[in-house]
Amino acid sequence: MRPVQIKEGIHWVGVVDWNCRNFHGYALSSKGTTYNAFYVEDEKRALVDTVPAAFESQFLCSVSQLTELEKIDYIVVNHLEPDHSGCLARMVELCKPEKIFISPMGAKSLATFFDCKDWPIVIANSGDEISLGKKTLRFYETKMLHWPDNMFTCIPEAKMLISSDAFGQNWATSERFADEVSKEKVTDLMAQYYANIVNPYSPKVTKTIEFLESINLDIDTLCPDHGLMFRGEDVAYACQKYVEYAEQRTTNKAVIIYDTMWKSTERMANAIASGLADEGISVRIMNVKANHHSDIMSEVFDAGAVILGSPTHNNGILPGMADVLTYVKGLRPQNKIGACFGSFGWSGECVKILREWLEKMNMEIIDPNIKVKNRPDHKSYEECYELGREIAKAIKIKNA
């Protein structure tokens, strides 16, 4: 893609990855993604972030359409993750910048990514500024949003905030701004991104937004490092969505996550779902063999209840369930109701183990936990149905 002017003297120089389907090795990105980087021209010229090394030729071509590379004075490193710093060493070699700005935590890690002992590093503490002439770059450290080194770069004269990974979405498009596409779709993808990447750092999100409000930061353009950018009234919309996401509000929805061997556990899942649905709760039934763990987490994100099912296997649970539960627990979902069920042939540890996972995630457990030997009968179907109804009632009380 060619550079896109965002404001006078400020261009998007990122790349669109139409084929990305596995984001960072752990989350699906079914619609691709973008790696956003920015060129700012004034009396001094600055480059904010780069792109993955695999896109070096596209990136160099894009920046070179705006300036001779050796005329770039400053490089800003908002985040060291390789999808944003993959071309950093090459740009330092070609540009020979006067200064490279990076957060204190980024400076500590830089040498673990690059041979950088001769680089002109300047540690940018929160609130530090550098004048480009008529424009200023002001830095705000946003530690653990979502890596220790993350920082935002603000250009106050342009009312523009480059927000690193915050407010991102995985969507490869020819459009660059959220107001050029479906807001509903942007919102859905922003929620998926938050659920799978930012969710564990929700307290940091809240503090960061409170801090930006406390300093009356006046911005009309918000530029994440992935996906579409926000301008005008969409800036407040994106910030409000992050406030809501950080609160981890739940809805009248339940997610049944299960694995099955000979369909007994699956039949129990369907009976529980019937009880939930008959009480007016929206249900997602997700077999871990048919659903990627990141898609499951996207559904868990706003669910009021998480219900786990597995047969007993080798005195444990099926490995697909262990995979999903490890992933979901690491993303620290909050404010959930939990329940569990399963089938067994001769030992029957499944329900005990699933309950321990729910306890580790601080979920409010609804009893009874149901397990059946070999196959559910009419009585156990009734028990599963009633469990679904009881979970539904608890969800509605919690969300009232």
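Helix α9 meets helix α10 through H293, S294, I296, M297 and V300 on the α9 side and D323, V324, Y327 and V328 on the α10 side. Contact means heavy atoms within 4.5 Å. The residues of this contact divide into 6 nonpolar, 2 polar and 1 charged. Here Ala, Val, Leu, Ile, Met, Phe, Trp, Tyr, Cys and Pro count as nonpolar, Asp, Glu, Lys and Arg as charged, and the others, Gly among them, as polar.

This is a predicted model: local features need pLDDT of at least 70, side-chain atom pairs count only at pLDDT 80 or more, and totals for chains, interfaces and linings use all residues. Residues are numbered from 1 along each chain as its sequence is written, and side-chain values use heavy atoms, with hydrogens and water left out.

Now the geometry of the helix pair. Two packed helices are described by the angle between their axes and the distance between the axes. The axes of α9 (residues 293–300) and α10 (residues 319–330) come within 10 Å and cross at roughly 50°. Axes are lines fitted to C-alpha atoms, for helices over the stretch in contact, and angles run from 0 to 180 degrees between N-to-C directions. α9 and α10 are therefore oblique to each other. Angles under 35 degrees count as roughly parallel, over 145 as roughly antiparallel, 65 to 115 as roughly perpendicular and the rest as oblique. The crossing is right-handed: the near helix is turned clockwise from the far one by less than a right angle.

Turn to the sheet. Strands are DSSP runs of E, at least two residues, and helices are runs of H or I, at least four, numbered from the N terminus. Two strands pair if DSSP finds at least two bridges between them.

β2 (residues 10–12) and β7 (residues 38–41) run antiparallel, joined by 3 bridges. I10 has V40 of β7 as its bridge partner.

Between α4 and β11, a loop holds F114. Is F114 buried or exposed? F114 counts as buried, because its relative accessibility is 15%. Buried means under 20% relative accessible area, exposed over 50%, partly exposed in between (1.4 Å probe, protein chains only). Not counting residues up to four places away in sequence, F114 touches L80, S85, L88, A89 and W119.
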